[in-house]
Amino acid sequence: GQVGCLPQQLTLRTGATVAELLGVQHRLAALRAIESGDADPVHFDALADDWDVEARSLAVLDRIGLPGIALDRLVGTLSGGETVLAAIAGVQLSGAGIVLLDEPTNNLDRPARQLLDEAIDAWRGTLIVVSHDVTLLNLMDATAELRDGHLTMFGGPYDAYREHLAAEQAAAEQALRSAEQQLKTEE
């Protein structure tokens with residue numbers, strides 16, 4: 001399957017267009033060339049029969065809460081939240097079965113964050129979210145911790161994982177106290 005990634009530094013790509021964030025810039029350029037009368041076979045190959053690429057792109061932007069954003073608009077003219085949401089729309093358009101979101105809430109205000117939460121709730125496929133945002137992590141079905149080169153999986157959201165860790169820690173402390181008491185008794 002295809003793997004997609006939403007990197008953290010999207011807002012630094014100020015010269016990129018919304019079409020580039022969506023990953024449709026080459027097909028869109030081919031469509032526009034064909035529409036202007038250029039019958040070069042390379043354009044038809046690039047388009048790959050995706051004749052509705054522009055309409056689908058605008059529709060996915062609409063669904064994610066960015067109606068009316070032009071595909072040729074530069075990232076530098078978008079807010080951080082608009083940039084992240086447009087890039088998430090691009091990952092959705094890509095059809096990737098597995099997607100890595102790297103700190104997706106860094107540049108989001110409250111309304112954009114709500115739109116991201118809705119997009120995650122409706123997501124088809126597997127999301128791997130790397131974040132310090134506890135609210136976002138609590139939307140996940142499972143939590144993974146990477147520590148000292150080992151990956152530990154827990155079947156539940158982040159708060160349930162923290163409760164599990166606290167219970168394990170309490171049990172370990174109780175076992176230590178019992179062992180210390182046992183040692184004292186034996187001495």
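Contact is taken here to mean heavy atoms within 4.5 Å. The structure described is a predicted model. In this model, Leu22 touches Ser57, Val60, Leu61, Leu71, Ala86, Ala89, Gly90 and Leu93, when residues up to four places away in sequence are not counted.

The largest nonpolar core comprises 43 residues, of which Leu22 and Leu61 touch the most other members. At least two residues of this core are supplied by each of α1, α2, α4, α5 (80–94), β2, α6 (110–121), β3 and α7 (134–137). Helix α5 gives the most to the core, contributing 7 residues. In soluble globular proteins, nonpolar side chains tend to be buried together.

Helix α2 spans residues 25–35 and helix α4 spans residues 53–63; the two pack at an angle of about 135°, and their axes lie 9 Å apart. Helix α2 is therefore oblique to α4. On the α2 side, the contact is made by Arg27, Leu28, Leu31 and Arg32, while Val53, Glu54 and Arg56 take part from α4. By class, the residues of this contact divide into 3 nonpolar and 4 charged, with no polar residue.

The strands form an open sheet of 3 members in the order β1-β2-β3, with parallel pairing. Strands β1 (3–6) and β3 (126–130) stand at the edges, and each has a single partner strand, so one side of each is left without a neighbour in the sheet. From one strand to the next, the twist averages 15°. Strand β2, covering residues 98–102, pairs with β3 in the parallel sense over 5 bridges. Within this pairing, Asp102 has Val130 of β3 as its bridge partner.

The loop between β1 and α1 (18–22) contains Thr17. The relative accessible area of Thr17 is 16%, and residues under 20% count as buried; Thr17 is therefore buried. Apart from its neighbours within four places in sequence, Thr17 is in contact with Leu71, Asp72, Arg73, Leu74 and Val75. One of these residues, Leu71, is also among the residues touched by Leu22.

Methods. Residues numbered from 1 in each chain as written. Predicted model: local features only at pLDDT ≥ 70, side-chain atom pairs only at ≥ 80, totals over all residues. Heavy atoms only, no water. Axes fitted to C-alpha atoms, helices over the stretch in contact; angles between N-to-C directions. Helix = DSSP H or I, 4+ residues; strand = E, 2+ residues; numbered from the N terminus. Parallel < 35°, antiparallel > 145°, perpendicular 65-115°, else oblique. Nonpolar A, V, L, I, M, F, W, Y, C, P; charged D, E, K, R; others polar. Pairing = 2+ DSSP bridges. Buried < 20%, exposed > 50% of the residue type's maximum accessible area, 1.4 Å probe, protein only. Core = buried A, V, L, I, M, F, W, Y, C linked by side-chain atoms within 4.5 Å.
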